[in-house]
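Let's take a look at a protein model together. Have the sequence and the 3D view ready.

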Amino acid sequence: MENYNISTSEIIEVLGTIAFAISGTFTAMQRKLDPFGVLIIAFVTAIGGGTVRDLLIGDTPVAWMRDMQTCLIILFTALATMFFKTHVQKMKITLFLFDSLGLGLFTMVGLLKGIAFGLNPGICIALGTITGCFGGIIRDTLLNTIPLVFRREIYATACIFGGLLYFLLVQLNVESVVAKLSVVAFIFILRIVAVRFKLSLPKFEY
Amino acid sequence: MENYNISTSEIIEVLGTIAFAISGTFTAMQRKLDPFGVLIIAFVTAIGGGTVRDLLIGDTPVAWMRDMQTCLIILFTALATMFFKTHVQKMKITLFLFDSLGLGLFTMVGLLKGIAFGLNPGICIALGTITGCFGGIIRDTLLNTIPLVFRREIYATACIFGGLLYFLLVQLNVESVVAKLSVVAFIFILRIVAVRFKLSLPKFEY
Amino acid sequence: MENYNISTSEIIEVLGTIAFAISGTFTAMQRKLDPFGVLIIAFVTAIGGGTVRDLLIGDTPVAWMRDMQTCLIILFTALATMFFKTHVQKMKITLFLFDSLGLGLFTMVGLLKGIAFGLNPGICIALGTITGCFGGIIRDTLLNTIPLVFRREIYATACIFGGLLYFLLVQLNVESVVAKLSVVAFIFILRIVAVRFKLSLPKFEY
């Protein structure tokens, strides 16, 4: 962070970390955990997806262990969220918005990492989906609530469509920064629309 | 798959993937999941054991991420299983048979991979057992049923005996293909006999 | 083990493995598992922390797979514990003492491994805490009890303070062996004091 020469990818990763740390802090505070428990949940939510991603592709030590930056970002985000909590009225909606934002950002991070490792596009989309979804899955499992991803509304599906959109935009020679931000916005908006209008996958009878 | 020069090991791995994908699809359909959920469970069941195996020995990116072949095999197997489902009468028995077949096949795959990595025979048997059992453990945990492996009848024990048999056959200079297929058949049949006659480990009083 | 030239670190690791194998065996026997189940729980408790640690830093094959030594130590420890069980009167206290001892020993092992991998001190403390806590978390999760780490009394916090103490002692040029043993003793005693006097983190109202 010593100069302004930071890539879009790095900004997306930092923003995703902040978004998921906030969503973890809110969820843990809703469940009345003690401050140490809140920090643990904030931490696990923010690093879960990236850790599973790095383990699967063998990029170790996993990302958050390479320096203190990620840990400090999560620590300050969680403390600030706890501090400003009383000013947040509609916690459930705020939580949902940050979870959706983190989902879009981390899916993009996972996609880019898969591409950087030379993986097949289909595998890159799977990796993006895993990166986006796992932080929330671990958070919800530890707090004993049904993971958002297993509820009816579109969740993992949003990541998959986001991944397809990215490869489409790249094929169409859309500028890299525009393509990345479009995918993040697409997943974020698709989640909001899905929950607002209770969209879900069609059920087949069998 | 472009020619007929495929090794026995590769055939065993593909057949194991198909067997576990079928067992995952059946289990998920029994629990009335929606089609996307069925695909997820089929996928996780078929790749779970191999993923844990590759993570433990550090052979990354894990096997299913290296190309699309495994993903496509699972996708087609799950779709075909869903399609033909109405023709399958005794689902519980079919499910059990495919789970047992996958157990034998994947235990053999794990054993061979341990040997290829130059691990100690005892560790190879542990790796084979992990490869065979973990797909089913993850499947049953996600679907909230008690994993087959923790029920009374011989399960992990069948993998361990299968591993011992393989090293015995190799010592006796039995031809490689014969030894491999014997171990797969041994584990498959041992499971059927164990469940049919309710065999379990002796209980000690303490 | 062929000569007496063994480092303090290796002794700490072996003692930690024995302590956690005993704690796993006791916990599983309390839950009336069959002998095979007891062995599995003893094994998972003793290798859980080190396995997660090695996966995160990418030191694979993970420690217990490199030779049979760890597996044999766990096997003999579990069998001996089962055999001598009838002589142990206060199982709950014995279990707690061995869990606390293992916690101190494995935290030290994780710290040293992080330092050997050139990680940031803050990350080393996280790695030590993970190494110390994960065996017990997996043990308690498999046996369906609330993990000790999530109960009120100081647990993970003891590992964090132990890690801080180690870096302080190193700064003060305390001899290496003395520093290591001091940290193990510190965590062990802190746990006992915490449980004896029901110490826990302060609860904030929010």
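Across the interface of chain A and chain C, how many residue pairs are in polar contact? The rule finds one, with both residues at pLDDT 80 or more; a polar contact here is a pair of N or O atoms within 3.5 Å, where one must be able to donate a hydrogen and the other to accept it, and residues adjacent in sequence count only if both atoms are side-chain atoms.

Keep in mind that this is a predicted model, where local features need pLDDT of at least 70, side-chain atom pairs count only at pLDDT 80 or more, and totals for chains, interfaces and linings use all residues. Residues are numbered from 1 along each chain as its sequence is written, chains are lettered from A in the order in which they are written, and side-chain values use heavy atoms, leaving out hydrogens and water.

**Where chain A meets chain C**

- 19 residues of chain A touch 20 residues of chain C (contact means heavy atoms within 4.5 Å).
- About 1,600 Å² is buried between the two chains, and carbon and sulfur atoms give 76% of that (the accessible area, 1.4 Å probe, lost on putting two parts together, summed over both).
- On chain A's side, A:F36, A:M65 and A:M68 lose the most area to chain C, together 35% of what that side buries.

**Helix 3 of chain B**

- This helix (a DSSP run of H or I, at least four residues) covers residues 69-84.
- Its buried residues (under 20% relative accessible area, 1.4 Å probe, protein chains only) include B:I73, B:I74 and B:M82.
- Seen down the axis of helix 3 of chain B, the buried residues fall within an arc of 160° (taken from the directions from the helix axis to the C-beta atoms), so they line one face of the helix.
- On the other side, B:F76 and B:F83 are exposed (over 50%).

Technical notes. Helix = DSSP H or I, 4+ residues; strand = E, 2+ residues; numbered from the N terminus. Expected span 1.5 Å × (residues − 1).
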